[in-house]
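Open the model in your viewer and keep the sequence panel beside it. The tour goes from one selection to the next and says what is found at each stop.

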Amino acid sequence: MNPLIAGLFDEFLKREELDQLSDSDAFELFVANLVLGDDLFTQVEATDLLLDNSTIGVDVAVLEVNGQVVWDEGDTDHICEAAKRLDVALHLIQAKRSASVDSAQLLNSGDIAKKVLNNDVGLGDGRLKEIAAALRHIFAKYAAKLRGSPAVMMSFATTAPAASLTDATVMARAASIRQDVEALGFVGRVSVQVLGAESLHRAWVKKNHANEVEIQFEKQINLPKMPGIEQAILGIGLTT
């Protein structure tokens, strides 16, 4: 694995206390944490996001309704019945630790996306089948409340270098998947992103350091200690 991503991955394992998981399962959650963001990731137990290992083409699937994670028709009714308008998004993630992009696996992701959207998931994929049924339940019962057609957000992540992501075959297949999903005619915005080591690192920096600001004080006064505050400073300065 890319050594930089390996270091970030180890930090994630320690922070989330996921050492008991296999490396492949833990890496799937590492990617999900970066792709989904805290708004969705922290709503559920992290391990609940993992699909059965026998599921081909997708490792993490999340149905989002008005910013909340729903797992089945019951969850859907709980949110939809109380809402006047609905924003719906389907997130599908496949994550591999490999240093290359497997185009065949990328196509598998596209195939499973169409099956979920068409409510055509096999009996063996229990969690994924429930998510597909919940989405179809929204169409059947709450179509009038939809603010727009559901968004479909697909992410295929590896630890490959940037050059692998711009390979002509990879780019063509990603574009083909997006076009096939859009052609279904009942979805809204479709995003198909292929992530590599640099993409994951940028996502990590954005997530973990976005709110850091360096301030140089021309004049400052240290304030008395306060509960829950490590250090308080009153000063005049400019941000850089």
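The structure holds one cavity of 30 Å³ or more. On a 1 Å grid over the protein atoms alone, a cavity is a set of points where a 1.4 Å probe fits but cannot get out, and lining residues have an atom within 4 Å of a point. This is a predicted model, in which local features need pLDDT of at least 70 and side-chain atom pairs count only at pLDDT 80 or more, while totals for chains, interfaces and linings use all residues. Residues are numbered from 1 along each chain as its sequence is written, and side-chain values use heavy atoms, with hydrogens and water left out.

**Stop 1: the cavity.** Select G57, V58, L92, I93, Q94, L106, S109, M154, S155, F156, V192 and Q193, which line the largest cavity. Its volume is about 70 Å³, where a volume is the space filled by probe spheres set on the points, and grid points are joined across faces, edges and corners. Now colour β3 (88-95), α5 (103-117), β4 (151-157) and β5 (190-195); each supplies at least two residues of this lining. Helices (H or I, at least four residues) and strands (E, at least two) are DSSP runs, numbered from the N terminus. By class, the lining of the cavity has seven nonpolar, five polar and no charged residues. Ala, Val, Leu, Ile, Met, Phe, Trp, Tyr, Cys and Pro count as nonpolar, Asp, Glu, Lys and Arg as charged, and the others, Gly among them, as polar.

**Stop 2: from α5 to α6.** Axes are lines fitted to C-alpha atoms, for helices over the stretch in contact, and angles run from 0 to 180 degrees between N-to-C directions. Under 35 degrees counts as roughly parallel, over 145 as roughly antiparallel, 65 to 115 as roughly perpendicular and the rest as oblique. Show the side chains of I112, V116 and L117 in α5, which meet L128, A132, L135 and R136 in α6; contact means heavy atoms within 4.5 Å. These residues divide into six nonpolar, no polar and one charged.

Stop 3: Which residues are the closest to the centre of the largest pocket? The largest pocket holds about 190 Å³ of space. Of the 16 residues that line it, S24, E28, D59, A95 and K96 are the closest to its centre. A pocket is an open set with protein on both sides within 12 Å along at least five of seven lines. Both α2 and β3 supply at least two residues of the lining, and α2 gives the most, with four residues. The lining divides into five nonpolar, five polar and six charged residues.

**Stop 4: from α2 to α9.** Select helix α2 (residues 23-36) and helix α9 (residues 197-209), whose axes come within 9 Å and cross at roughly 55°. The two are therefore oblique to each other. The contact is made by F27, F30, V31, N33 and L34 of α2 and L200, A203, W204 and K207 of α9. Those residues divide into seven nonpolar, one polar and one charged.

**Stop 5: α1 against α9.** Select L4, I5, L8, E11, F12 and R15 of α1 with A197, L200, H201, W204, K207 and N208 of α9 to show the contact.
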